[in-house]
Amino acid sequence: MRYTLIFLIFTITLFATNGEMVFKSYCWGCHHQSATAFGPSFEEIATKRSREEIRAMVSDPEGVSKVFGYKRNAMPKLNISDENLTAITEYILSFKPKGKK
Ligand code: HEC
């Protein structure tokens, strides 16, 4: 039990640092954590999208932005690894304001 907990904390920390790195190298400039930039803020995204939706959007912005209701797709497809995709998805979701679903 104790090991599970340590492992869990370890993975969460790992995701947090990786996610932040992915954010700074690929997303920053177009997205900010809490302010709207060229694209919506992570706080806004985390509030209205699920984990699967975020993953889908980052993997295929052209196809998914239409589904999300954007008329024009301005987000480019970024070739990021599956590992980084998981990290950035968790990072975005960590901005979900407390108490909101
Ligand atoms: C060149 C600018 C640019 C970059 C770089 C970029 N985005 Fe975007 N992103 C946008 C824009 C603009 C939109 C609005 C939809 C569109 O135009 O396609 C968007 C939309 C999104 C959405 C969906 C928003 C919604 O309505 O829920 C997600 C999720 C997202 N971006 C995540 C990311 C992540 C994660 C990265 C980095 C790995 C990233 N974006 C990099 C510009 C960018």
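Let's start with L93. Setting aside neighbours within four places in sequence, L93 is in contact with A46 and R51. L93 sits in helix α5. Buried or exposed, or in between: which is L93? It counts as partly exposed, because it has 18 C-beta neighbours inside 10 Å, and burial takes 20 or more. P40 is 53 residues away along the chain, and the two C-alpha atoms are separated by 14 Å.

A reminder before I go on: this is a predicted model.

Now α5 itself. The helix runs over 82-93. It has twelve residues. From its first C-alpha to its last it reaches 17 Å, close to the 16 Å expected at 1.5 Å a residue. Which residues of α5 are buried? They are A87, I88, T89, Y91 and I92.

Take two of those. A87 is in α5, and it counts as buried because 22 C-beta neighbours lie inside 10 Å. V22 is 65 residues from A87 along the chain, yet their C-alpha atoms are separated by 7.6 Å.

T89 is also placed in α5. It has 23 C-beta neighbours inside 10 Å, so T89 counts as buried. Beyond its neighbours within four places in sequence, T89 is in contact with R51, I54 and R55. T89 and F23 are 66 residues apart in sequence and 9.8 Å apart in space, C-alpha to C-alpha.

On to α3, residues 51-59. I54, M57 and V58 are buried there.

What do the buried residues of α3 pack against? They pack against α2, α4 and α5. V58 gives us a detailed view. Leaving aside its neighbours within four places in sequence, V58 is in contact with L78, L85 and I88.

Next, the core. The largest nonpolar core has eleven residues. They are V22, C27, F42, A46, I54, M57, V58, A87, I88, Y91 and I92. Four helices, α1, α2, α3 and α5, each supply at least two residues of this core. Which helix gives the largest share? That is α5, with four residues. A46, from the core, is a contact of L93. I54, also in the core, is a contact of T89. I88, another core residue, is a contact of V58.

Now a contrast, in α4. V67 has its place in that helix. It is exposed, because 11 other C-beta atoms lie within 10 Å, and 12 or fewer counts as exposed. V67 and M57 are ten residues apart along the chain, and their C-alpha atoms are separated by 9.5 Å.

Last, the ligand. How many residues surround it? The shell has 25 residues, and the closest are C27, C30, G39, S65 and M75. C27 is one of the core residues too. On the helix side, α1, α2, α3 and α4 each supply at least two residues of the shell. Their ranges are 2-27 for α1, 42-48 for α2, 51-59 for α3 and 61-67 for α4.

To recap. α5 supplies the largest share of the core, four residues.

Methods:
Residues numbered from 1 in each chain as written. Predicted model: local features only at pLDDT ≥ 70, side-chain atom pairs only at ≥ 80, totals over all residues. Near = placed C-beta within 6 Å. Contact = placed C-beta atoms within 7 Å. Core = buried A, V, L, I, M, F, W, Y, C linked by C-beta atoms within 7 Å. Expected span 1.5 Å × (residues − 1).
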